[in-house]
Amino acid sequence: MKVGDLVRFNGGPVFNAAEKGYAPSGVITRVTPTESTGTRSKASYTVLWADGKTTNEWFSYLEPLT
């Protein structure tokens, strides 16, 4: 994922209740690389959500919207 991509929060069963606090979509405004393992890079992302809130999220909790 890169700056400008549309995403949604997907915390899986662990963060099911938390998903209700997120807008249905957001746009990535910043990418912060953290480490690279094998063929997959890990990063955290700053997301501007449709409701105007901004959060920092790990790559594993975001799902790209197409």
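**Confidence**

I began with the confidence of the protein chain: the mean pLDDT is 88, and 91% of the residues reach 70 or more. I note here that this is a predicted model. I then looked at the elements. Strand β1 (residues 6–9) has the highest mean pLDDT among them, at 96, and helix α1 (residues 16–19) has the lowest, at 76.

**Glu 57**

I looked up Glu 57 next and found it in strand β4 (residues 54–58). Which side chain of opposite charge is nearest to Glu 57? I found Lys 53, 11 Å away. Glu 57 is buried and has no salt bridge; a salt bridge would need a side-chain nitrogen of Lys or Arg within 4 Å of a carboxyl oxygen. What I did find is a polar contact of 2.8 Å between the side chains of Glu 57 and Tyr 22. I also listed what Glu 57 touches, leaving aside residues up to four places away in sequence. Among them are Phe 9, Tyr 22, Ala 43, Trp 49 and Leu 62.

**Aromatic rings**

My search of the whole structure gave three aromatic pairs. In one of them, Tyr 22 and Trp 49 sit edge-to-face, with 5.2 Å from centre to centre and 75° between the planes. Tyr 22 lies in the loop between α1 and β2 and Trp 49 in strand β3 (residues 40–49), so this pair ties together parts 27 residues apart in sequence. I checked how open each residue is. Trp 49 is buried because its relative accessibility is 3%, whereas Tyr 22, at 24%, is partly exposed. I also noted one aromatic cluster, formed by Phe 9, Tyr 22, Trp 49 and Tyr 61.

**Salt bridges**

How many salt bridges are there? I counted two. One joins the side chains of Lys 2 and Asp 5, at 3.1 Å from N to O. Lys 2 is exposed, with 53% relative accessibility. Another joins Arg 8 and Glu 63, whose closest N and O atoms are 3.3 Å apart. Arg 8 belongs to strand β1 and Glu 63 to strand β5 (residues 62–64), so the bridge ties together parts 55 residues apart in sequence. I looked up the exposure of both ends: Arg 8 is partly exposed at 29%, and Glu 63 is partly exposed at 30%.

Notes. Residues numbered from 1 in each chain as written. Predicted model: local features only at pLDDT ≥ 70, side-chain atom pairs only at ≥ 80, totals over all residues. Heavy atoms only, no water. pLDDT = per-residue confidence, 0-100. Helix = DSSP H or I, 4+ residues; strand = E, 2+ residues; numbered from the N terminus. Buried < 20%, exposed > 50% of the residue type's maximum accessible area, 1.4 Å probe, protein only. Lys, Arg positive; Asp, Glu negative; His and termini not counted. Polar contact = N/O pair within 3.5 Å; in protein donor to acceptor, adjacent residues only side chain to side chain. Contact = heavy atoms within 4.5 Å. Phe/Tyr/Trp six-rings, centres within 6.5 Å; stacked < 30°, edge-to-face > 60°.
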